[in-house]
Amino acid sequence: MSKHLRSRYPFTTLFLFISAALMIFPFAWMLLSAFKTPADVYNYPPKWIPSSFKFTNFAEVFKKIPFIRFYANSIFVSVVQTVLQIWISAMGAFAFAKLDFPLKKKLFAFMQSSLFVPEIVTIIPLFLLAAIAGLVDTYTGLIVAELNCAFTTLLLLSFFQTIPNELIDAAKVDGCGYFRVFLKVILPNSKTAIGTASLFAFLTHWRSYMWPLIITNDVKMRTLPIGLKYLVTETGTEYQVLMAASLMAIVPVLVVYMFMEKEFVQSITLTGLKT
Amino acid sequence: MICVAMLALVAVAIPVGAQTKLKVWFAVSGDSGEAFKALLEKYKATNPDVALEYSYSGNYGDTATKVSAALISNTAPDVALMAAGPLYTGARNDYFIETKLNDADLNKDDIYPGVWDYAKYNGRICAVPYGISTPVLYYNKAILEKAGIDLKNPPKTWTEFLQIAKTAQAKGNVSGTPDFWGFDATDVAWLFKTMLYQNENTVISVKGTKISPAFNDEKGVEVADFWKKLTDEKVMPVGQHSNAEKKFLAGNLAFLVATSARIARWSKDPSLQIGAIPMPYFKRPSVALGGNVLVILSKDQKTKEAAWKLVKFLASKENQTTFALKTGYLPIRKSGLNLPEAKEAVTSNPMYAIAFDQLDTSWSYWHFEQMGTMDQLLAQAIDALERNVLTPKATLDKAANELQAEIDG
């Protein structure tokens, strides 16, 4: 915000500063707590700045849990899920936005309604199916069952509808079938929306906890959110170690966001969506 | 050396196909998880005929969901260390453990009777108690020293305790903070249930197999009246119990009721000057039990037998006491307290003696499906009581009616 705008809208500026502070607060707390001593963590009233910066909290994380393995699993699973989900969602969104086919409205309503079903309701029947298919403790089980495409399909659909039909007709005249129209016209013109949908999908999969916990028993198959839970114990949690692990865990999310920030903001403007 | 060589030979001699496969899930992590894993590894090393697979299954709530899903799909573990275990055995009419209680290796009578109640469903044992804890009344030594309070003769009743907590609050503010309190508890429902039983209220009543709330009778209301007194006289803060532990460790709270599982952890930190006294009571001394149990979920008889062998090993005097002392849970066997390591723990840390002695008067109600809901309703009732939203009688009646509706389905 420029100086001119700040002086013209003082209340808006103040509101934005307060909102930003509220958003930054938990991150700042996590960052500082990752370097605290146990005494600093339990200090009351809370102490912002650590009495001495304790870098060994990070080493403790690697001693207590197989952090690298959890990290690698999380990255692999989240990336594959995001790619698959966006691919399936984009194809679905294209069909709903630009094609006519029998039962289209009913299928669309069915897909939309799936958004209203909480995860905890579907988790046991889903696990039953996965167990029958022999997917317990497999990457396939981890990945496939969590491809929740409805939200990203709707997000992409609203964008695909803005692509002029004339472009599609022109491609058809040039001899393109539906799949080539999708590949050559729809996808190249929807980079912003696909970037946003990817970010939403990646964030959802990166922080997923319940399904990976249910579908895996082998510690080698587990992902980072479960790994962080290993650090929360019944007899008391070492918050400084947990915060160090959490700080390392959010790095990929920050990297993804840094690369896609522009698309993310643009798409919010275009689709009116918020996280 | 010879033993190790023989074991290695036996291990080589047993083909993988002849091994009994046992899957174990456990709902404890951190030091507790490591201590449990060490015992499983010990079993693995001495039992080459068993192929043991084990994994952490998340906290108590997560493990409950995971076990529920696994039971439906026939992928349940053979042994699980979890909270509310009887709801996954007895409630499914699986009383295999009950048939094994006379096994001489188990030595059932060596385990505290109150602790066995924690492993029952419909009055029948269907689990083996394991990581058991009780509420303990801790105090901050520096605060009490400043207030001139000597706890050589600790208060016996809650009324006596209230006076001491008031004095500690008035004279012991070592940190000089305005947010300084005499008493608080981390788990209000747990302490409230302890107080109810101390006042000769059974929390729930059981007629045959029918369970109904009993915490709202006259004796229950007396307890609620005392609880209100704690907040009305500003010895305990209103509705800030989730911060109680933090305040206590920061030196802003004189007395705290928290789980006995904190003893091992807090004792490791030399900067914490903390002691414990026996829990005060109303009419009779008592503490409510909490923690986890071992359950056997296998389906076929052969695996059940192998699982039982493992459970006996884990619950043996030496192994359960080792687990208890490493984690802060309590030894469940009377003989466990005579082991040199338990005696050493009591000598070097008197807080252990307080927690261990409380086991003599510990109690538990049988498990029932709505027990989690009951704890939530009690916590809400206490909150309404502290905030003067409802009278003690009205708030307990409301909780009891809601619980009854939940039980009736």
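## Helix packing, chain contact and fold of chain B

In chain B, H2(B) packs against helix H12 (residues 317–327) at an angle of about 160 degrees, and their axes are 9 Å apart. That angle makes H2(B) roughly antiparallel to H12(B), a label given to angles over 145 degrees, while under 35 counts as roughly parallel, 65 to 115 as roughly perpendicular and the rest as oblique. This is a predicted model, in which local features need pLDDT of at least 70 and side-chain atom pairs count only at pLDDT 80 or more, while totals for chains, interfaces and linings use all residues. Residues are numbered from 1 along each chain as its sequence is written, and chains are lettered from A and ligands numbered from 1 in the order in which they are written.

**The H2(B) and H12(B) pair**

- The axes here are lines fitted to C-alpha atoms, for helices over the stretch in contact, and angles run from 0 to 180 degrees between N-to-C directions.
- On the H2(B) side the contact is made by Asp31(B), Ser32(B), Ala35(B), Phe36(B) and Leu39(B), and on the H12(B) side by Asn319(B), Phe323(B), Lys326(B) and Thr327(B); two residues are in contact if their C-beta atoms, placed from the backbone, lie within 7 Å.
- These residues divide into four nonpolar, three polar and two charged, where Ala, Val, Leu, Ile, Met, Phe, Trp, Tyr, Cys and Pro count as nonpolar, Asp, Glu, Lys and Arg as charged, and the others, Gly among them, as polar.

**A helix pair in chain A**

- Helix H4 (residues 56–64) and helix H15 (residues 239–249) of chain A pack at an angle of about 85 degrees, with axes 8 Å apart, which makes H4(A) roughly perpendicular to H15(A).
- Asn57(A), Phe58(A), Glu60(A), Val61(A) and Lys64(A) of H4(A) meet Gln240(A), Val241(A), Ala244(A), Ala245(A) and Met248(A) of H15(A).
- By class, this contact has six nonpolar, two polar and two charged residues.

**Where chain B touches chain A**

- In chain B, 30 residues are in contact with 23 residues of chain A.
- Helix H2 (30–46), strand S2 (50–56), helix H3 (60–72), helix H9 (244–249) and helix H10 (262–267) of chain B each give two or more residues to this side.
- H3(B) provides the largest share, six residues.
- The side of chain B that touches chain A has eight nonpolar, 14 polar and eight charged residues.

**Chain B as a whole**

- Chain B has 16 helices and 15 strands (DSSP runs numbered from the N terminus: H or I of at least four residues for helices, E of at least two for strands).
- Its radius of gyration is 23 Å, close to the 22 Å of the globule rule for 409 residues, so chain B is as compact as a globular protein of that length; the radius is taken over C-alpha atoms, and the rule is 2.2 Å times the number of residues to the power 0.38.
- The C-alpha trace of chain B spans about 70 × 50 × 30 Å along its principal axes.
- Among contacts in chain B between residues at least 6 apart in sequence, 75% join residues at least 24 apart.
- Of the 409 residues of chain B, 50% count as buried (20 or more other C-beta atoms within 10 Å of the residue's own; exposed means 12 or fewer, partly exposed in between, with C-beta atoms placed from the backbone).

**Two asparagines with positive phi**

- Asn107(B), not a glycine, has a positive phi of about 50 degrees; it sits in the loop between strand S3 (79–82) and helix H4 (113–117) of chain B and is partly exposed, with 15 other C-beta atoms within 10 Å.
- Asn388(B) has a positive phi of about 60 degrees; it lies in the loop between helix H15 (371–386) and helix H16 (392–408) of chain B and counts as exposed, with 11 C-beta neighbours inside 10 Å.
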